[in-house]
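This report goes through one protein model, from its strands to its side-chain pairs. Please keep the sequence and the 3D view at hand while reading.

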Amino acid sequence: GRPVLLFFESISQVKEFDNFARSVLNCITLTEENDSSAVKTRVIQATEPQKVTVTTKAFSRGVEFVVGGRITKEAGGLHIIQTYVSDHGAEEVQIMSRTARKG
């Protein structure tokens, strides 16, 4: 029941994974190509139970993914998967810290 954030290095990798994932998972994409309204909506949706959000490293900094739902909290909170090795330690820390915010 946990929501999952999958961080990819590039938009092309997100698109490639999304082509596969749509047939199997309840997923949404969140990239720099989305307009501001879509970004706002998808950031909120990303923490809903059983939602898989496929996104780029651009969203690892400066975006708050707030877990507020009881079902998500009881399932263990937001699950983060980083699919690449960061070139910058700060980026790695930002992605890892997504699991420690807001309880």
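Two strands pair if DSSP finds at least two bridges between them. Helices (H or I, at least four residues) and strands (E, at least two) are themselves DSSP runs, numbered from the N terminus. The model is predicted, so local features need pLDDT of at least 70 and side-chain atom pairs count only at pLDDT 80 or more, while totals for chains, interfaces and linings use all residues. Residue numbers start from 1 along each chain as its sequence is written, and side-chain values use heavy atoms, with hydrogens and water left out.

**Strands**

Strand β2 (residues 27-30) and strand β3 (residues 52-56) run parallel and are joined by four bridges. Within this pairing, Cys-27 has Val-52 of β3 as its bridge partner. Helix α2 (residues 36-45) belongs with these two strands: β2, α2 and β3 form a right-handed β-α-β unit. A crossover is right-handed if, with the strands pointing away from the viewer, the path from the first strand over the helix to the second runs clockwise.

The next term is burial. Buried means under 20% relative accessible area, exposed over 50%, and partly exposed in between (1.4 Å probe, protein chains only). Strand β2 is covered on both faces: Cys-27 and Thr-29 on one side are buried, and so are Ile-28 and Leu-30 on the other.

Helix α1 spans residues 11-21 and contains Ser-12. The side chain of Ser-12 makes a polar contact of 3.1 Å with that of Ser-10. Such a contact is a pair of N or O atoms within 3.5 Å; within protein, one must be able to donate a hydrogen and the other to accept it, and residues adjacent in sequence count only if both atoms are side-chain atoms. Ser-12 and Thr-56 are 44 residues apart in sequence, and their C-alpha atoms are 9.5 Å apart in space.

Rings of Phe, Tyr and Trp (its six-membered ring) pair if their centres lie within 6.5 Å; planes under 30 degrees apart count as stacked, over 60 as edge-to-face and the rest as tilted. The count by this rule is two aromatic pairs. Phe-8 and Phe-17 form a tilted pair, with 5.3 Å between centres and 40° between planes. Phe-17 and Phe-20 form an edge-to-face pair, at 5.9 Å and 65°. Phe-17 and Phe-20 both lie in α1, three residues apart, or about one turn of the helix. Phe-8 is buried at 9% relative accessible area, whereas Phe-17 is partly exposed at 21%.

**Salt bridges**

Side chains of opposite charge can pair when their charged atoms come close. A salt bridge is a side-chain nitrogen of Lys or Arg within 4 Å of a carboxyl oxygen of Asp or Glu. By this rule there are three salt bridges.

| Pair | N to O distance |
|---|---|
| Lys-57 and Glu-9 | 3.9 Å |
| Lys-15 and Glu-33 | 3.1 Å |
| Arg-70 and Glu-74 | 3.0 Å |

Which parts does the pair of Lys-57 and Glu-9 tie together? Lys-57 lies in the loop between β3 and α3 (70-74) and Glu-9 in the loop between β1 (4-8) and α1, so the pair ties together parts 48 residues apart in sequence. Lys-57 is partly exposed at 29%, and Glu-9 is partly exposed at 32%.

Lys-15 lies in helix α1 and Glu-33 in the loop between β2 and α2, so this pair ties together parts 18 residues apart in sequence. Lys-15 is partly exposed at 43%, while Glu-33 is exposed at 53%. Arg-70 and Glu-74 both lie in helix α3, four residues apart, about one turn of the helix. Arg-70 and Glu-74 are both exposed.
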